[in-house]
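Here's a quick briefing to read alongside the model. Have a look at the fold, then go through the notes by topic.

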Amino acid sequence: MSAFILEKLCRGCKRCVNSCPEEAIAMLSHLAVVDPAKCVECEACMEACMHGAITFVEMGEKKPNG
């Protein structure tokens with residue numbers, strides 16, 4: 001699974017773009033977009049995002065209760 005951008009939280013600051021060692025994130029219409037073929041799940045983007053707009057659990061995916 002690659003990084004997943006929560007579009008409503010993305011502010012287009014480019015911190016994630018600059019933090020990605022694989023250049024897997026680009027800006028499209030002022031929003032971050034992840035190329036899943038390049039993403040290696042290092043989570044550098046998630047740590048760099050000050051707005052909590054990046055996750056590795058997609059919205060439709062169920063989390064275990066526990």
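Contact here means heavy atoms within 4.5 Å. With that in mind, Cys45 touches Ala3, Cys16, Ser19, Ile25, Ile54 and Phe56, leaving aside residues up to four places away in sequence. Keep in mind that this is a predicted model.

**Confidence**
- The average pLDDT for the protein is 89, and 86% of the residues score at least 70.
- Among the elements, helix α1 (residues 15-19) comes out with the highest mean pLDDT, at 97, while strand β1 (residues 4-5) has the lowest, at 90.

**The core**
- The largest nonpolar core is made up of 15 residues.
- Cys45 is among the residues with the most contacts inside that core, along with Ala3, Ile25 and Ile54.

**Thr55**
- Thr55 sits in strand β4, which covers residues 54-55.
- Is Thr55 buried or exposed? Its relative accessibility is 18%, so Thr55 counts as buried, the cut-off being under 20%.
- Leaving out residues up to four places away in sequence, Thr55 touches Ser2, Ala3, Phe4, Leu6 and Met46.

**The β2-β3 hairpin**
- Strands β2 (residues 25-28) and β3 (residues 31-34) run antiparallel and are joined by 4 bridges.
- The hairpin has 2 residues between β2 and β3, and Ser29 in the turn shows a positive phi of about 55 degrees.

How values were computed:
Residues are numbered from 1 along each chain as its sequence is written. This is a predicted model: local features need pLDDT of at least 70, side-chain atom pairs count only at pLDDT 80 or more; totals for chains, interfaces and linings use all residues. Side-chain values use heavy atoms; hydrogens and water are left out. A nonpolar core is a set of buried Ala, Val, Leu, Ile, Met, Phe, Trp, Tyr and Cys residues joined through side-chain atoms within 4.5 Å. Buried means under 20% relative accessible area, exposed over 50%, partly exposed in between (1.4 Å probe, protein chains only). Two strands pair if DSSP finds at least two bridges between them. pLDDT is the predictor's confidence in each residue, from 0 to 100.
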